[in-house]
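Keep the viewer open as you read.

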Amino acid sequence: MDFKDSPEEAAYRTQVQAWLAANAPKAGGDGDPEGAGDLAAAKAWQAKKAAAGYAQITWPKEWGGQGGTPIQQVIFNQEEAKYPTPGNPFQIGLGMCVPTVATFADAETKQRFVGPALRGEEIWCQLFSEPSGGSDVAAARTRAVQADDGSGDWIINGQKVWTTGAQFSDFGIVICRTDPNVPKHKGMTMFWLDMHDPGVEVRPIHQMSGGSGFNEVFFTNVRVKDSQRLGAVGDGWKVSLVTLMNERLAVGGASGAGWEDFLAAARSIPTADGATALQDKAIREKLADWYVQFEGLKHTRNRTMTALSRGQTPGPESSIGKIVSANAMHDLASTAIDLLGEYGIILEPELLAQQGVFHSSFMFAPGLRIAGGTDEILRNIIAERVLGLPGDVRLDKDVAFKDMPTGR
Amino acid sequence: MNFDFSDDQKFLKSEARKFLEANCSTAKVRAVLNDDAKTYDEALWKGVAGQGWLGCAIPEEFGGLGLGHVELCAIAEELGRVVAPIPFASTVYLLAEAVLLAGTEAQKAEILPKIAAGEIIGALATSEGPGATTAANLKATVNGGKLTGTKIPVTDGDIADVAVVLANEGGKPALFLVDLNAGGVTREALKTLDPTRDAAKLVFKDAPAQRLGDAGDGLALLERILDRAAVLLAFEQCGGADRALEMAKEYALERYAFGRVIASYQAIKHKLADMYVKNELARSNAYYGAWALNTNAPELPIAAAAARIAGTEAFWFASKENIQTHGGIGFTWEMDCHLYYRRARQLELVAGAPRVWKERLVSQLERRNAA
């Protein structure tokens, strides 16, 4: 049991370190977790990585990758994180959209899109969630109807929501309802489309935290060619599963307030009895609990890396990550603000310790508990896929989509 | 990155599981539970000695197998899984580790081979009453090599041959090795929350005592011993917590209510998912503890505290929610749920309560992350 690289991994790490030392930016990097920040800088860095084969290490060489292993990608990510690199608005496209296009489109389409996406010249977004279906993606209502002019084209109408990066995306993959007369999973079809086409309108969502990292996307009579269809008509659900399978490996750490921030802040916050918050026994117990949770996740990621390093599929333990981190961060931020007393209501970063990391985490944590699978859905996933418990009773399974109970 | 058991260690672990499945069914555990006169499973103890587990981490020169502590962690997990009714923790995690850590060559040569051979049982005697034992309230005293005082409770005190005892000498706490079969020791068996583990009150009257470690170093040395034991106990806790989750899952998949298995209700699914989350956090923290223990890393005090806190939380939660998942039948003596509920609390208190470990963890973090 140790944390050492294997000889091959150590050699790869040395090679990556040397390349980064010569090529990575030494200053800059906006660290904006929600948006793309400086898009031009991000694109320039992506192009550099692509030219050296580091943009998608696990992709085959003919696609511009290195035919490398997942552990090599992890090693690169670890080393890259030591530099102030720009944000990465390409991950959703390269991790999910482009592999889907490559799997289901013809050779010409693949040829057209893979290279520019890899080099950061074109950005992709994934258009799945809708106002009527966040957790329940198969409840999508956005309609695609084949034009009656004999062209074979499809006309798309509807709305997507929570689309990350739509505001600067060039292309997207969109799941649409093509047959409402069959049960929901059977009547959907996937397309790729040009986000600059007429009838596509992107509007930023104003989050409760004040930021705008996500978008609503409206489709009004957007016309796409039948050749833009990914997979067979009615097979959209199966295609979407391929997209989601390609979700990147969850071996990165969480951002936001952590136990070290709390420890540092609690040292200097006075309490009513003239001591500091860090001397408060109740606070110390909470700090111990958060330490165990955050460090437990770090070591869980090390277990995942170990499986990758041994050429194995990571075990299900990585599924606990977001439930634990989102809730621990929420509790920690909430407690840290409480310690400030009345001063805690102030939301001026320059008047707050650690530039207000507790306040920003406090306002962002409710979103973190929902994004990428709610706490409740993640518990269902652990119960069903890890523990093998039965799926929920589905009242809509054998009902035609048009007859499904929908509320509003 | 190599943060898992090796193939050899996994093999050892699966062999241990097979051995315990054959030799430590819950019927065997219940035989100890239901019989006040039976303090531990002697046949299992002999079998475990025969497997060499008692000397797993004891060097070969002292009659052990000379394997590492990661191997011992693997065995600990399997023992925890079956709530083994034997004095393994007292003898191996506490007595053997104490002697390995602080014993003179003569003490090592005297005690370790007997532990490895299964000839003696150990115990740690620190508690004298409710709450924590501190330099301020410690009463047991050693004068001229003779110990006088009362220790209550002493886990496995009724069956132990050698105890590590905390007592004052010259006004300062130190640790002592005491032969419980020599004169000056009176034992009184105690009823406990977990009758599958023995405990007793020990009264010492001029009992011969040999100092372990330096004079006046008792509390610091005790902390170092408990750091080592905490990691091993955390693996027992992981094993027990995993088994409690399995029991809950097995029952939820066969029990019907309102026309469907109860495992199909989200109230049950989410409860079991929460158990899984805590168990995995405990396992990851325990692995870090195993690494620190095996390499004698400076991080050991922090790693041990985290492993112990997470292990305690996971086993407590899994053992109580396993009863809840079973419903009424889980509250009966005949179901095995309470064996795990009892053991969870025994393991939680045997080497210091969670509150103590949380304070130790934060004190260490404060020092390490000094402003």
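Predicted model: local features only at pLDDT ≥ 70, side-chain atom pairs only at ≥ 80, totals over all residues.

Residues are numbered from 1 along each chain as its sequence is written, with chains lettered from A and ligands numbered from 1 in the order in which they are written.

**Domains**

In chain A you get domain 1 (7–88), domain 2 (124–245) and domain 3 (259–372). Domains 1 and 2 of chain A have their C-alpha centres 30 Å apart. For chain B, the assignment gives domain 1 (7–116), domain 2 (122–215) and domain 3 (219–368). Here the C-alpha centres of domain 1 and domain 2 of chain B are 22 Å apart.

Contact, here and below, says that two residues have C-beta atoms, placed from the backbone, within 7 Å. By that rule, 19 residues of domain 1 of chain B are in contact with 17 residues of domain 2 of chain B. On the domain 1 side, the elements giving two or more residues are helix H2 (26–34), H5 and helix H6 (105–116) of chain B. H5(B) gives the most, with seven residues. Sorted by class, that side has 14 nonpolar, five polar and no charged residues. The classes are simple: Ala, Val, Leu, Ile, Met, Phe, Trp, Tyr, Cys and Pro are nonpolar, Asp, Glu, Lys and Arg are charged, and the others, Gly among them, are polar.

**Two helices, end to end**

Helices are DSSP runs (H or I, at least four residues; strands are E, at least two), numbered from the N terminus. The expected span is 1.5 Å times one less than the number of residues.

| Helix | Residues | First to last C-alpha | Expected span |
|---|---|---|---|
| H5(B) | 15 residues | 20 Å | 21 Å |
| H8(A) | 29 residues | 41 Å | 42 Å |

How enclosed are they? A residue is buried if 20 or more other C-beta atoms lie within 10 Å of its own, exposed if 12 or fewer, and partly exposed in between, with C-beta atoms placed from the backbone. In H5(B), 13 of the 15 residues are buried, so this helix is largely enclosed by the rest of the structure. H8(A) is largely enclosed too, since 22 of its 29 residues are buried. After H8(A) comes Gly311(A), with a positive phi near 75°.

Axes are lines fitted to C-alpha atoms, for helices over the stretch in contact, and angles run from 0 to 180 degrees between N-to-C directions. Angles under 35 degrees count as roughly parallel, over 145 as roughly antiparallel, 65 to 115 as roughly perpendicular and the rest as oblique.

H3 (residues 70–80) and H8 (residues 281–309) of chain A pack at about 135°, their axes 8 Å apart. H3(A) and H8(A) are therefore oblique to each other. Pro70(A), Ile71(A) and Val74(A) make the contact from H3(A), and Met305(A), Leu308(A) and Ser309(A) from H8(A). Five of these residues are nonpolar, one is polar and none is charged.

H7 (residues 259–268) and H9 (residues 321–339) of chain A pack at about 10°, with axes 11 Å apart, which makes H7(A) roughly parallel to H9(A). Trp259(A), Phe262(A), Ala265(A) and Ala266(A) in H7(A) meet Leu332(A), Ala336(A) and Leu339(A) in H9(A). That contact has seven nonpolar, no polar and no charged residues.

**Where the chains meet**

Between the chains, 37 residues of chain B are in contact with 37 residues of chain A. On the chain B side, H7 (218–254), H8 (266–295), H9 (300–326) and H11 (354–368) each supply at least two residues. H8(B) gives the most, with 16 residues. By class, the chain B side has 22 nonpolar, eight polar and seven charged residues.

Ala84(B) sits in the loop between H4 (69–81) and H5 of chain B. It is buried, with 28 other C-beta atoms within 10 Å. Not counting residues up to four places away in sequence, Ala84(B) touches Leu20(B), Cys24(B), Leu44(B) and Leu79(B).

Pro301(B) is in helix H9 of chain B and counts as buried, with 21 C-beta neighbours inside 10 Å. Leaving aside neighbours within four places in sequence, Pro301(B) contacts Asp227(B) and Gln364(B).

Methods:
Domains from an automatic or database assignment.
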